[in-house]
Structures are given as C-alpha cells and as structure tokens.
Amino acid sequence: PESIRSICCIGAGYVGGPTCAIIAHKCPEITVTVVDKNPIRIAQWNSDKLPIYEPGLQEIVMKCRGKNLFYSTNVEEGVVNADLIFISVNTPTKTYGAGKGRAADLTHVESCARIIAGCASGYKVVVEKSTVPVRAAASISEIFGANSPAASNFQVLSNPEFLAEGTAVADLLNPDRVLIGGSQTPAGLEAIALLTAVYSHWVAPERIVTMNTWSSELSKLVSNAFLAQRVSSINAVSAICEATGADISEVAEAVGRDSRIGSKFLQASVGFGGSCFQKDILNLVYVSECLNLPEVAQYWMQVIVMNDFQKSRFAKKIVSRLFNTISNKAIAVFGFAFKKNTGDTRESPAISVCAHLLEEGARLNIYDPKVETEQILSDLCHPGVCALPRERIENLVTTHADPHSAAANTHAIVVLTEWDEFKTLDYEKMIKSMLRPAWVFDGRKILDHERLMDLGFYTECIGHRYQRPQFYDHCNGPEFPHFS
Ligand code: NAD
Ligand code: UDX
C-alpha cells in the first residue's frame, strides 16, 4: 500500500494502550484497533474506568474511542483487517527452563507471530514493539516463512517503545526519538518508510531514527541499562553520603552540572522499580552470557546487585532505628507504586521493603493514592516475596484511604513513592497522633526534613545523615565509628 490505513495492536497493556490512543488521536484517517486475549482488560478499555492510570490518557481515549480507536478481544479479526500490526505483548523474565531468572520469555511474542501467520494474507508490516532480545525479529520472520506462503509478503520491523509510566502521554506526544529498525533491503526500507509516515503526523523528521533491525533491538536494552545504571550509581554514592555527612542532593547537583553527565536521573532513592529496568538488564546479561562474554554479563549484573542492596539497606535501617525490634509495632507506609503518577506496582521497591518489615513482625498501614488494596495484598503474598503465610500477611497489613489515618498510632512513617501530595501533608497534626519517638524514613528524599525535625520527628533519609540528640545515642550507630 502507499500508506497505512488500518493498524492492529496486539496487547492492550501499559504500552499498547497509550501508544495506540496517541496514534488514533494524531492520525484521524487511520483506524486503530487494540486487541487483547484478556477480556477483562478489553472491557476496562471500553468502560469509563480505564485499566491503567496515566495523566491525560482518559481525555484522549474518550475523544477517539468509537471513532477511529477500537478495543476488541477478536485478535484474528484485528490482524486480518490491518495493514500494520504492532506486537506489544508482555515479555517477562523467564521463570522456568533454560535462562530461568534471566532470559526474556518470548512465549507471547511467538504466539502472536503464529496467530498472524495463521490468519493474515496480503502485504503486512509486522512491528515488534515489545522489548525483545537482539535478533528476535529473525525468529518472527522464520515462523512466518515456515507457516504461510503468504507470509513471504510480511515485513518485520523493530520499533521499541521508550515511554516512561506516569508520563506516557507526554513522552508519546513529544518523544526524544522514535526508533525504527528494519532490514536494509528495498522491501525493508519500504516498510520503514510506511511506519515513518505514521509517526510523521506529529514527530519531526530529525527525531525519527532508522537503522538495521539488530541495532534497534539492542538499543532498547542498552537505553534501559544506562538509565538504571545511573540510578544504581547515585544510590551507591548515597550510602557513602549517609556514612560521611556529604549530602547526595549536593553531590548530584555538582556532578550533574557537567554537561557531559547531565542532571537527569540522578535522584537517589530506595531503589528503582518498574516492569522494565530489572527485566531488560537481566535480558542483556543473558544475551552476554550466551555470547560467552562473562565479564560483560557481570558488569551489567552489578546494577541489579546494587539495587537489591539499596532496598535491603533501607529496610534494615528502619529496623535498626526502631531499637532493633519492630515486632507488633505499627508503621505507616506512604506509597506503594514504583514511582509517582502511576498505579503500577510491578517490581516496586515498596514490595521488598514491606516484605522485610513484615518478616520482622511489623504491622503495616499502607496508603497509596492509586494502588488498590487487592494489588498490594497480591504483591506481598506472591510466592517468593515474603516468608510469611498469606493469612499472617493479611493480618498484619491494613490499607488506608488517607495518609492521616494510616499514620495514627504508628511509630514511624516510611515514604516509598515520591507522590507530590506527601510533601504538603499536615505533619504537625500527624505527629500528635503518633507514638514517640516518632520517626520519618524518607526513601525518596522529598520531604522538608528540617521542618519535620522542628516538629519533633526523628528523621532518616536516603543520602543524608542527621545528627541525633545524645540520649538517642544508638541512632548514631556503630555503623559510623569514625564520625560519631
Ligand atoms: P502488559 O502486561 O501491561 O500488557 C501486555 C498485554 O498483552 C496483556 O494485556 C496481555 O493479556 C496481552 N497478551 C499477551 N499475549 C497475548 C496474545 N497472544 N494475544 C493477545 N494479547 C496478548 O505489558 P506492557 O507493560 O504493556 O509491556 C509490553 C511490552 O512493552 C513489553 O515487552 C515491555 O518490556 C515493553 N515496554 C514496556 C514499557 C512500560 O513502561 N511498561 C515501556 C517500554 C517498553
Ligand atoms: C523506564 C524508562 O525510563 C523508559 O524509557 C522505558 O521505556 C521503560 O522503563 P519506567 O520504568 O516507566 O520507564 O519509569 P522511570 O521513570 O524510568 O523510573 C524507573 C524507576 O527508577 C522508578 O522506580 C523510579 O522511581 C526510579 N528512579 C528514576 C530513581 O530512583 N531515580 C531517578 O533519578 C530516576
């Protein structure tokens, strides 16, 4: 075809949903159908309460839905009617077999390829939007070739997605770059041109970068590895700050002022979470191992080792400050999502910090503005997360609809997500309802700690050490022998 008139996206998740809403919004002459095998998800996309929360998304979906944006469970029909098909299904870390715990599980991608091979005919551009290991497009092409004579007419492209959750709409509307990889043959270049024309409706030509398929697939893994590495690097330094009196915000400012380094992504935290960073680094580690490059694999693995250390270091600090015993003590947890402005909890650092506190016997009052109670319980009760039986976890965890009720009668407030609303809460009122000494453990370094201390809080945060009054000598702890 001369241009793409209809698009089908397989996978109505965090990527497929917002991406297709923006395409429909910006390309009124293209019909966009998002299909998913999960009927609950499709029903939610067709309802007033969308399955995911992203600022600005609801308005765009409501504007386009029923006009040129449709959601359906009929995968085959969507595929048959489309000129261009996005594969935007989940590619989690494998939990079984070869590469368990590292390799990407490509079951869903392969099943999409087989569905497309089984029902499509004519010319189709098939676009890998899911994050996959380098050379995955070759497997898709091979499945097409082996299953369907018509598939010789299919072109496979790589078009990885770089949106971040919480800012998906803004990222999609104004991307740093759109990356399109394809085979450098006349047919491959023609397919690249067709997809480029779709994005050109709203993305400037200099931001659309085209390259060979393998470079494009690898660039996605490497982008996430670099971003996560920055977080682990600043978090490694935060541990040095806490032990020395240096302040991580000041260090980040000084380092980030170097234009070669840049100031973004240097916010020290309780650790990175989200469905992508850990999974994609493990994917890169596995690719490196398979290529017999153990030093390269270990180099990237260290980013995850550091992240695990940061999460457990923070949890252990809470226990140690609360006189090394939190059994049966109530603790308020502010935030459960892996970052602000999303209800997503996948790989959230809150999960491992809460599991640690529960195993020590604490009672947790959890408040998050966007995460549902069932999600919190299902994350904490997931096998391998917390050593306690489900019944005991359900007993120890209470979710709250507001932060004040969560903090009442607790020994400590633990901030695990950087929601803006936590900065402006009435801590003066809150401390009056708490037990003394009342602690704040700020895992995101977002609160005004000087003011909290003026109100009487004992404060700990990532990347900065506060002096304690002498009678709480233990707080200056044996971990700082040279400085106390
Ligand atoms: P998700 O789990 O939110 O959504 C995937 C959807 O695909 C699910 O609804 C599932 O039911 C559906 N699905 C799976 N197999 C199917 C099949 N055979 N037929 C029909 N539907 C099927 O996942 P996501 O977060 O949207 O991620 C999708 C891909 O995009 C992953 O590879 C991920 O690594 C990548 N990615 C994610 C993000 C992010 O921020 N979440 C960002 C960039 C890239
Ligand atoms: C990431 C990538 O940014 C995005 O390009 C890719 O498409 C998907 O993976 P996402 O995981 O949605 O996006 O969010 P991101 O903003 O990258 O944050 C990831 C984690 O790192 C969060 O837990 C966040 O709190 C943490 N983080 C981020 C920090 O701790 N410090 C920072 O400076 C930045």
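Reader: Thanks! Let's begin with helix 6: which residues on the other side of it are exposed?
Author: Those are E142, G145 and A146. One thing to keep in mind as we go is that this is a predicted model.

Reader: Good to know. And which residues of helix 6 are buried?
Author: The buried ones are A136, A137, I140, I143 and F144. Looking down the axis of helix 6, these buried residues fall within an arc of 120°, so they line one face of the helix.

Reader: What do they pack against?
Author: Quite a list! The buried residues of helix 6 pack against strand 4 (84-87), helix 5 (107-119), strand 5 (124-128), strand 6 (154-158) and helix 9 (213-244).

Reader: How far apart are the end C-alpha atoms of helix 6, and what span should we expect?
Author: The end C-alpha atoms are 17 Å apart. Helix 6 runs over residues 136-147, so at 1.5 Å a residue its twelve residues should span 16 Å, and the two values agree.

Reader: Nice. What about helix 10, which residues are buried there?
Author: In helix 10, residues 248-256, the buried ones are I248, A252 and G256. They cover an arc of only 60° around the axis, which puts them on the same side of helix 10.

Reader: Which exposed residues does the face turned away from that buried side carry?
Author: That face of helix 10 carries E250 and A254, both exposed. As for the buried residues of helix 10, what covers them includes helix 9.

Reader: Helix 9 again! Let's look inside it. Is N224 buried or exposed?
Author: N224, which has its place in helix 9, counts as buried because its relative accessibility is 6%, and the cut-off for buried is under 20%. Not counting residues up to four places away in sequence, N224 touches C276, F277 and D280.

Reader: And S232, what is it in contact with?
Author: S232 is found in helix 9 too. Leaving aside neighbours within four places in sequence, S232 is in contact with F272, V303, M306 and N307. S232 counts as buried, at 6% relative accessibility.

Reader: How about V222?
Author: V222 is in helix 9 as well, and this residue is partly exposed, with a relative accessible area of 27%. Between V222 and R41 there are 30 Å in space, C-alpha to C-alpha, and the two are 181 residues apart in sequence.

Reader: Changing topic: how many aromatic pairs does a search of the whole structure find?
Author: Twelve aromatic pairs turn up. One of them is formed by Y299 and W300, and this pair is edge-to-face, at 5.0 Å centre to centre with 80° between the planes.

Reader: Is W300 buried or exposed?
Author: W300 is buried, with a relative accessible area of 10%.

Reader: What about charges, which ring does the charged end of K370 sit over?
Author: The charged end of K370 sits over the ring of Y53, 4.2 Å from the ring's centre. Elsewhere, R135 lies over the face of W214, at 4.3 Å from the ring centre.

Reader: What is F457 in contact with?
Author: Leaving aside neighbours within four places in sequence, F457 is in contact with I413, Y427, I431, M434, A438, W439, V440 and L452.

Reader: Last one: where does A164 lie?
Author: A164 lies in the loop between strand 6 and helix 7 (168-173). At 29% relative accessibility, A164 counts as partly exposed. Leaving aside neighbours within four places in sequence, A164 is in contact with D171 and K339. The C-alpha atoms of A164 and I240 are separated by 29 Å, and these residues are 76 residues apart along the chain.

Note on methods: Residues are numbered from 1 along each chain as its sequence is written. Chains are lettered from A and ligands numbered from 1 in the order in which they are written. This is a predicted model: local features need pLDDT of at least 70, side-chain atom pairs count only at pLDDT 80 or more; totals for chains, interfaces and linings use all residues. Side-chain values use heavy atoms; hydrogens and water are left out. Helices (H or I, at least four residues) and strands (E, at least two) are DSSP runs, numbered from the N terminus. The expected span of a helix is 1.5 Å times one less than its number of residues. Buried means under 20% relative accessible area, exposed over 50%, partly exposed in between (1.4 Å probe, protein chains only). The arc is that of the directions from the helix axis to the C-beta atoms. Contact means heavy atoms within 4.5 Å. Rings of Phe, Tyr and Trp (its six-membered ring) pair if their centres lie within 6.5 Å; planes under 30 degrees apart count as stacked, over 60 as edge-to-face and the rest as tilted. A charge sits over a ring if NZ of Lys or CZ of Arg is within 6 Å of the ring centre and within 35 degrees of the ring normal.
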